Amino acid sequence: MHGLSRLGTGCNRSVSPSPPSSPRFRHGRHKNFSGGGGRGGKQSSVDKIVFLLVSTVFRRKGVLLFAPLLYISGMLLYMGSLGFDVVSLKNAVVVVHRRLPPGSVYCSPQVFQKLWPFMEAENNASQNALMTTWNPKMHQGWKPHVNSIISKTGFSELPKSNGFLIIEANGGLNQQRLSICDAVAVAWLLNATLVIPIFHLNSVWRDSSKFGDIFDEEFFVHALRNHVNVVRELPEDVLQRFDNNISNIVNLRVKGWSSPAHYLQKVLPKLEALGAVRIAPFSNRLAYSVPSNVQGLRCLSNFEALRFSKPIRTLADKMVERMIMNSSHTGGKYVSVHLRFEMDMVAFSCCEYDGGEEERHEMDIARERSWRGKFRRRGRVIRPGANRMDGKCPLTPLEVGMMLRGMGFDNNTSVFVAAGNIYKAEKYMAPLKKMFPLLETKDTLATPEELAPFKGHSSRLAALDYTVCLHSEVFVTTQGGNFPHFLMGHRRYLYGGHAKTIKPDKRKLALLFDSPHIRWETFKRQMKDMLRHSDVKGSELKKPSGSVYTFPMPDCMCKQTEPVNEISNTTELS
């Protein structure tokens with residue numbers, strides 16, 4: 001079979017050889033390869049002269065003639081579409097192998113096989129990296145400044161409302177969180193009464209939960225009482241004006257990342273004229289860069305007013321306590337990992353692993369099921385190798401485990417894995433459990449009876465994961481997305497401005513995991529450099545284009561000279 005994938009299916013540095021070259025190529029022009037005398041007779045003098053003439057011209061001007069072609073080939077190689085051909089001789093037949101670019105192939109199982117004996121030798125180490133992960137010098141001493149936020153945006157008595165703002169929050173847990181917090185900021189900006197956000201039933205998340213199922217509604221209303229008036233539903237008299245149908249309220253199509261000026265110029269007049277407006281969908285409808293008082297409302301909403309509902313908090317707190325008890329040998333400290341290796345994530349990434357044709361078939365079906373036709377559009381080219389080299393492939397459980405062991409976390413480290421349904425979990429989770437026997441998930445940390453009320457509700461289950469990750473000593477993000485972005489910001493807010501998060505360089509990892517002959521000491525050195533880099537970036541400040549939900553300094557926090565202790569939510573019900 002010669003139907004080659006241009007990106008390879010295994011760890012061999014070249015793909016399967018191409019079909020044997022034609023007899024004419026094998027015998028006519030390559031005497032050294034054929035081991036004999038050309039076509040069976042002597043070359044004529046004319047043939048020799050012509051051959052020498054053409055060879056001379058090619059040697060002198062061939063490079064210039066083929067320079068454009070070489071440039072294009074180089075670009076294609078960079079994009080993962082072309083590799084150098086390696087020519088070898090086997091049984092007097094020319095065999096052409098295509099060499100794949102470094103980092104374009106999933107070779108992690110072969111690397112693990114080589115490094116595992118060295119990991120075993122370091123089991124039960126005297127010093128676990130968990131005890132010394134973060135350099136205290138990197139903690140710059142930031143603290144929340146909610147009081148100054150309240151003084152900027154609060155009122156002793158709220159002014160008369162300009163009308164009711166209704167928004168629809170779509171997506172998963174943290175995309176909903178983003179919409180809610182932005183809605184609070186917009187409601188304050190418009191002096192509007194915010195109706196508790198409606199949650200859109202997403203075709204991917206398939207969670208029918210309402211606001212009160214996930215968040216503490218009473219606490220939310222109370223925490224914002226001096227800043228924004230929040231009501232659970234539209235008053236009866238207002239709803240009657242729209243024939244008791246919320247869909248009759250005008251839906252304003254606000255562009256993504258709109259400025260405060262847009263809301264004041266375009267939305268406020270409609271609100272004042274109609275008494276109620278709707279914005280659906282509302283995800284990412286407010287710009288990141290806004291005045292500090294508007295940022296203040298985002299901070300107050302996200303870090304103080306939004307807390308999970310009591311059923312979620314009760315179980316989540318038990319899970320955190322159990323993780324701490326399981327980590328007694330490391331002073332109650334544990335590692336949490338956000339693992340994005342669900343089938344939909346693997347399919348969406350368009351990356352290839354080691355499942356061969358079966359895997360490719362399953363991914364094609366998954367892509368068509370969730371994103372009908374998106375990946376089959378004309379001109380769409382899927383390049384798994386280029387994606388891997390660019391650091392866009394989800395890390396497998398095996399790769400996460402090797403990375404952590406290389407950083408110095410030994411087999412006695414308690415690890416909590418936050419994830420959905422892992423693709424082929426039995427196969428891919430086995431090596432991670434081998435490296436970290438003290439591994440837990442929400443399904444092992446909580447009993448089936450405790451989890452029963454949350455089953456079928458992805459956002460509520462994500463809230464359990466979120467809480468256990470929030471309180472870990474080390475959080476590891478592997479693929480990006482709203483979950484780690486909000487979690488990193490929340491951890492900065494709680495831990496003196498430091499995210500205590502490992503954010504790996506996946507481009508570098510792709511190269512290292514594509515090196516089956518790498519030495520253990522070399523691998524460890526690279527991993528510890530990566531850990532140090534994460535430590536340095538832990539206290540990063542928000543840039544103008546950054547999100548306050550990920551980078552709360554300096555908008556939500558202020559600098560202080562004394563060491564900061566871990567803090568919890570400060571807003572309480574009176």
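## Briefing on helix packing, voids and backbone geometry

Helix H5 crosses helix H18 in a left-handed sense, a crossing being left-handed if the near helix is turned anticlockwise from the far one by less than a right angle, and right-handed if clockwise. The model is predicted, so local features need pLDDT of at least 70 and side-chain atom pairs count only at pLDDT 80 or more, whereas totals for chains, interfaces and linings use all residues. Residues are numbered from 1 along each chain as its sequence is written, and side-chain values use heavy atoms, with hydrogens and water left out. Helices (H or I, at least four residues) and strands (E, at least two) are DSSP runs, numbered from the N terminus.

**Packing of H5 and H18**

- Two packed helices are described by the angle between their axes and the distance between the axes.
- For H5 (residues 108-121) and H18, the angle is about 20° and the axes are 12 Å apart, where axes are lines fitted to C-alpha atoms, for helices over the stretch in contact, and angles run from 0 to 180 degrees between N-to-C directions.
- H5 and H18 are therefore roughly parallel to each other, given that angles under 35 degrees count as roughly parallel, over 145 as roughly antiparallel, 65 to 115 as roughly perpendicular and the rest as oblique.

**Second largest pocket**

- The second largest pocket has a volume of about 640 Å³, a volume being the space filled by probe spheres set on grid points that are joined across faces, edges and corners.
- On a 1 Å grid over the protein atoms alone, a pocket is an open set of points with protein on both sides within 12 Å along at least five of seven lines, a cavity is a set of points where a 1.4 Å probe fits but cannot get out, and lining residues have an atom within 4 Å of a point.
- The lining of this pocket consists of 25 residues, and those nearest its centre are Thr-477, Lys-503, Pro-504, Asp-505 and Lys-506.
- At least two lining residues come from each of the helices H22 (482-494), H23 (506-512) and H24 (520-537), and H24 gives the most, with five residues.
- By class, the pocket lining has six nonpolar, 11 polar and eight charged residues, where Ala, Val, Leu, Ile, Met, Phe, Trp, Tyr, Cys and Pro count as nonpolar, Asp, Glu, Lys and Arg as charged, and the others, Gly among them, as polar.

**Cavities**

- Two cavities of 30 Å³ or more are present in the structure, and the largest cavity has a volume of about 90 Å³.
- The largest cavity is lined by 14 residues, of which Arg-388, Leu-395, Glu-399, Lys-506 and Ala-510 are the closest to its centre.
- H23 gives the most to the lining of the largest cavity, with three residues, and by class this lining has nine nonpolar, two polar and three charged residues.

**Backbone geometry in loops**

- Most residues other than glycine have a negative phi, and most peptide bonds are trans.
- The peptide bond from Ala-280 to Pro-281 is cis, with omega near 0°, and Pro-281 lies in the loop between strand E8 (276-279) and helix H12 (292-305).
- Met-553 and Pro-554 are likewise joined by a cis peptide bond, with omega about 5°, and Pro-554 is found in the loop between H24 and strand E14 (557-559).
- Lys-424, in the loop between strand E10 (415-418) and H18, has a positive phi near 45° and counts as partly exposed at 30% relative accessibility, where buried means under 20% relative accessible area, exposed over 50%, and partly exposed in between (1.4 Å probe, protein chains only).
- Lys-500 also has a positive phi, of about 45°, lies in the loop between H22 and strand E13 (501-502), and counts as buried at 9% relative accessibility.

- Pro-437, in the loop between H18 (425-435) and strand E11 (439-440), counts as exposed at 52% relative accessibility, and its C-alpha atom is separated by 8.3 Å from that of Thr-413, 24 residues apart along the chain.
- Lys-266 lies in helix H11 (residues 260-274) and is exposed, with a relative accessible area of 54%, while Lys-266 and Leu-252 are 14 residues apart in sequence and 9.3 Å apart in space, C-alpha to C-alpha.
- Ala-187 lies in helix H7 (residues 173-190) and counts as buried at 1% relative accessibility, while Ala-187 and Asn-162 are 25 residues apart in sequence and 9.7 Å apart in space, C-alpha to C-alpha.
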